[in-house]
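Here is a short briefing on one protein model and its ligand shell. Look over the sequence and the structure first, then work through the points below.

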Amino acid sequence: MFSKIKSVGLFGLNAFPVDVEASISPGQPIFDVVGLPDIAVQESKARIRAVLGQLNLKLLNGRVTVNLAPASVKKIGSMFDLPITVAIMVLGGVIDCDLSDTAFIGELSLDGRISHINGALSMTITASQNGIKRLFLPKSNAKEASVADGIEVYGVEHITQIVDFLRTGTGLTPEPRYIPSAEKLIYREDFADVMGQTAAKKAIEVAAAGSHNILMLGPPGSGKSMLAKRIPSILPRITFEESIETTQIHSIAGIIDPKDPLVTNRPFRPVSHTISGAGLVGGGTVPRPGEISLAHNGVLFLDELPEFDRRTLETLRQPIENCEIVISRASGSVSYPCDVMLVAAMNPCPCGNFGNPKKKCTCSEKMVTMYLNKISQPVLDRIDIQIEVKPVEYEDLSERKAQESSARIAERVQRARDIQAERFKGTNIKSNSRITSDIIGEVCRLTPDAGDMLKAAFDRLGLSARAYDRILKVARTCADLAGLKDIDRACISQAIGFRSLDRKYWNR
Ligand SMILES: Nc1ncnc2c1ncn2[C@@H]1O[C@H](COP(=O)(O)OP(=O)(O)O)[C@@H](O)[C@H]1O
Ligand SMILES: [Mg+2]
Ligand SMILES: [Zn+2]
């Protein structure tokens, strides 16, 4: 006797179809599961035995062998409890219907309840892509899974519901497709609350418009954190595809709200300097996504940058550049996307007042240098826009003049992004910050006097080739915000200005 039930496995973000094959032959009662790592098998078998006992089903009185195919792929997690149990029920004749286009995923509790699993959306999408028309999974995952196309999902609380439904066709209904309400996109924090700081706001607008990484340096209390928190409020709306991508990552990390499962705002992930390398870029035996991937399609905010462990910061270099992090393990390698806008903030020195015209810095020259040098040149090199945030002017604070709202700034950002979308149509480049060297000459054309200006700056400031490219990309964004076809002098000058920190602080 033989049965075969479909299921889905997950490794990192990669879901893959799994066939659960069960067979029974007469003989001494043996229950064998092959194709799973040892510990998981033992636990799974114990739960399945308990549940069958609860249901008074004597289905394990013979030589029962369960195989999870393909055997070559490592299967991790407890989501195979449910399909294995169903396969055994089919063997025993408890369930007898066509399940050729049906799949099951879910962990069992000892009493037969079906508990939440992580990564449901990725698995549901893969199931659908592999011709599955119907998926039974934990009730708390149903809303999230319903977002996938071309598949009916049934949320189940207890295994008896599945048995009853497959025998009588009653008791369960497919989950209606979840559509998040449009009202959700409300940012409580608005640039209208930030008095003055025109220069910093302009730089942030450029950063948002081209998805450029940005570093803000300034004394404590100058509003760096306040400014950073408001960046998501001016970014373009997240697209549906981006929303699905980010949701999948959040789902694997287990940070989805089952009642409101789709990530519909661009993520803003503030990271504390106490974070480990694995916490930041991902890791663990079954590699989990790190903060950089949880921020995918949004903002990763590193506050108090020099407080971070230097090695931790260095681990960011590759992923920031490639928009992807690959984590290798003996069990295989996992890759998570991490297309983020990096926002960093820092004081200029331990006391915070170095370079502040109004307050005296009490640090020694050596302390300042050591503090600044915690951030390596290669890390700095990857931050297109670097600005000084000056303490807010008293007049700006006291007058409380109405400031431009985030919504207004967002309109300009969106227009600049639309121009970029048109420019990069048919490529996988999303924004100016990702312009590759092979097309930079073609897409960053300069007016003749802008060219002269850049050349002069290149010689005078001794720019590296990398810095030169970054200035061009940022200038391209300035030109897009201004609606210009070619980059003019003003744009070049603005872009060079965004790199002056280097000379004032690091290369004094
Ligand atoms: N430009 C500003 N307009 C209004 N309030 C400000 C401004 N700058 C700073 N503040 C106030 O000062 C507080 C401290 O700012 P914060 O962003 O924490 O500074 P930093 O991160 O640079 O140390 C803010 O929460 C805000 O209340
Ligand atoms: Mg701060
Ligand atoms: Zn100081």
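Leaving aside its neighbours within four places in sequence, which residues is Asp469 in contact with? They are Ser437 and Ile440. Keep in mind that this is a predicted model. The protein chain has 508 residues, and 44% of them count as buried.

**Overall build**

- The protein chain contains 21 helices and 18 strands.
- Its C-alpha trace spans about 85 × 50 × 45 Å along the principal axes.
- Take the contacts in the protein chain with a separation of 6 or more: residues 24 or more positions apart account for 73% of them.

**Asp469**

- Asp469 sits in helix 19, which covers residues 465-481.
- Asp469 has 17 other C-beta atoms within 10 Å, so it is partly exposed.
- Buried would take 20 or more such atoms, and exposed 12 or fewer.
- Cys444 lies 25 residues from Asp469 in sequence, and their C-alpha atoms are 9.6 Å apart.

**Helix 2 and the stretch after it**

- Gly93 follows helix 2 and has a positive phi, near 80°.

**Leu57**

- Leu57 belongs to the loop between helix 1 (38-54) and strand 4 (63-69).
- With 15 other C-beta atoms within 10 Å, Leu57 is partly exposed.
- Met89 is 32 residues from Leu57 along the chain, yet their C-alpha atoms are separated by 8.6 Å.
- Apart from neighbours within four places in sequence, Leu57 is in contact with Leu52, Gly92 and Val94.

**Helix packing**

- Two packed helices are described by the angle between their axes and the distance between the axes.
- Helix 6 (residues 198-210) and helix 16 (residues 406-423) have axes that come within 8 Å and cross at roughly 40°.
- That angle makes helix 6 oblique to helix 16.
- The crossing of helix 6 past helix 16 is right-handed.
- On the helix 6 side, Glu205, Ala208 and Ala209 make the contact; on the helix 16 side, Ile409, Arg412, Val413, Ala416 and Arg417 do.
- By class, the contact of helix 6 with helix 16 has 5 nonpolar, no polar and 3 charged residues.
- Helix 3 (residues 120-129) packs on helix 8 (residues 240-252) at an angle of about 120°, and their axes are 7 Å apart.
- Helix 3 and helix 8 are therefore also oblique to each other.
- Ala120, Leu121 and Ser122 of helix 3 meet Thr247, Gln248, Ser251 and Ile252 of helix 8.
- The contact of helix 3 with helix 8 has 3 nonpolar, 4 polar and no charged residues.

**Ligand 1**

- Ligand 1 is surrounded by 14 residues.
- The closest are Met195, Gly223, Lys224, Ser225 and Met226.
- Which helix gives the largest share of the shell around ligand 1? Helix 7 (residues 224-229) does, with 3 residues.
- The shell around ligand 1 divides into 6 nonpolar, 7 polar and 1 charged residues.

How values were computed
Residues are numbered from 1 along each chain as its sequence is written. Chains are lettered from A and ligands numbered from 1 in the order in which they are written. This is a predicted model: local features need pLDDT of at least 70, side-chain atom pairs count only at pLDDT 80 or more; totals for chains, interfaces and linings use all residues. Helices (H or I, at least four residues) and strands (E, at least two) are DSSP runs, numbered from the N terminus. A residue is near a molecule or strand if its C-beta atom, placed from the backbone, lies within 6 Å of it. Ala, Val, Leu, Ile, Met, Phe, Trp, Tyr, Cys and Pro count as nonpolar, Asp, Glu, Lys and Arg as charged, and the others, Gly among them, as polar. Two residues are in contact if their C-beta atoms, placed from the backbone, lie within 7 Å. Axes are lines fitted to C-alpha atoms, for helices over the stretch in contact, and angles run from 0 to 180 degrees between N-to-C directions. Angles under 35 degrees count as roughly parallel, over 145 as roughly antiparallel, 65 to 115 as roughly perpendicular and the rest as oblique. A crossing is left-handed if the near helix is turned anticlockwise from the far one by less than a right angle, and right-handed if clockwise.
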